[in-house]
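Have the structure open and follow along.

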Amino acid sequence: MIVLCQWTHGATPTITVAKFRDDKPAAISFTFDDGSQSQATIVAPLFEEFGYRATFFVIAGLTREKPSDPVLTLRRDWAAVTWAEWRDVVARGHEIGSHSWSHPKLTLLNSGSELRHQLAASARLIEKKVDRPVRAIAFPYNQFNNGILDFARRYYIAIRTRWSDYTVLAKSVDEANQMVLRTIAGHSWMVPNLHGVDEGYGPVSRDFLREHLAFIKARDSQVWVDTYTIITRYCAEQQRAKVNVLQTSSNSCEFTVTCPLPPRDYDVPLTIVLHQSGAATARAVCNGEPLPVRVLADKILVSTVPAPQSITVEWN
């Protein structure tokens, strides 16, 4: 997104807010539904091997505190991971979102109170159990309508309304890898929807997932992999951000980056791109504190949370 800039004197590099973090052309958020056991025992550790984190949508009302507690569903592939295990997964940096209270078809519910229970009560329970804010939801069976969307927006800022069902679209690792290449070429955000690994509904194999993640890792300069809520928040900020250039010189620029969204929910650092060729080094400072900076052949990347305080970038 090229934002409107105003400056008082001197030439200035074009400044943009990168569509995705680190000005990468594509983003991927892996999402796993239902809470099958392999998500805790296989998926989370495997993602960590590659330095990635995933989003797990759990069925809150069916999840047990510990394995010895009574099973609350006849579906063995639902809610097999316990709250104790989810707390450990969250502590390692993964995201837990809601997949409703009991996994009904929300479009068939008869009352607003039933819908409120499925959406709101599930978020409250997850927050209580894992001691983290719950900002994301994926609707059971991926079924919803405008009324359900409007209701969900009262409780969540990251609502999964887009997904790529690997059960249908990725019958092989090569098909999954081709989806990644198309995402890169299209400068877009892909949201794979999976369930179990080597077990559960529509499972992929451990080897499939490992090979696929290795393929993505080899394209690390082109793909940003992060949780569903992090990328949702980044994109919302990026679309609303405004850069105002205050002053410039031949080797410096002072500007602000602001966003009207509430900072309580939207505080993900944005990547600001100064399209400046020939710089060898650069430094960025805000309120006397250094900001992360990367210098590339034709641009300088600065990472900052939107705020009214001015940022000064100097380069040589």
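Pro263 counts as exposed because its relative accessibility is 60%, where exposed means over 50% relative accessible area, buried under 20% and partly exposed in between, with a 1.4 Å probe and protein chains only. You will find Pro263 in the loop between strand 13 (252-258) and strand 14 (270-275); helices (H or I, at least four residues) and strands (E, at least two) are DSSP runs, numbered from the N terminus. Leu209 is 54 residues away from Pro263 along the chain, and their C-alpha atoms are separated by 35 Å.

Before going on, a word on how to read these values: the model is predicted, local features need pLDDT of at least 70, side-chain atom pairs count only at pLDDT 80 or more, and totals for chains, interfaces and linings use all residues. Residues are numbered from 1 along each chain as its sequence is written, and side-chain values use heavy atoms, with hydrogens and water left out.

Now for the backbone. Most residues other than glycine have a negative phi. Asp131 has a positive phi, near 60°, without being a glycine. Asp131 sits in the loop between helix 3 (112-130) and strand 6 (136-137), and its 64% relative accessibility is why it counts as exposed. Asp34, also not a glycine, has a positive phi of about 85°. Asp34 belongs to the loop between strand 3 and helix 1 (38-49), and it counts as buried because its relative accessibility is 5%.

Strand 3 itself covers residues 31-33 and includes Thr31. Is Thr31 buried or exposed? With 0% relative accessibility, Thr31 counts as buried. Its side chain reaches the backbone oxygen of Pro192 at 2.7 Å, a polar contact being a pair of N or O atoms within 3.5 Å; within protein, one must be able to donate a hydrogen and the other to accept it, and residues adjacent in sequence count only if both atoms are side-chain atoms. Leaving aside residues up to four places away in sequence, Thr31 touches several residues, among them Thr55, Phe57, Arg160, Val191 and Tyr228, with contact meaning heavy atoms within 4.5 Å.
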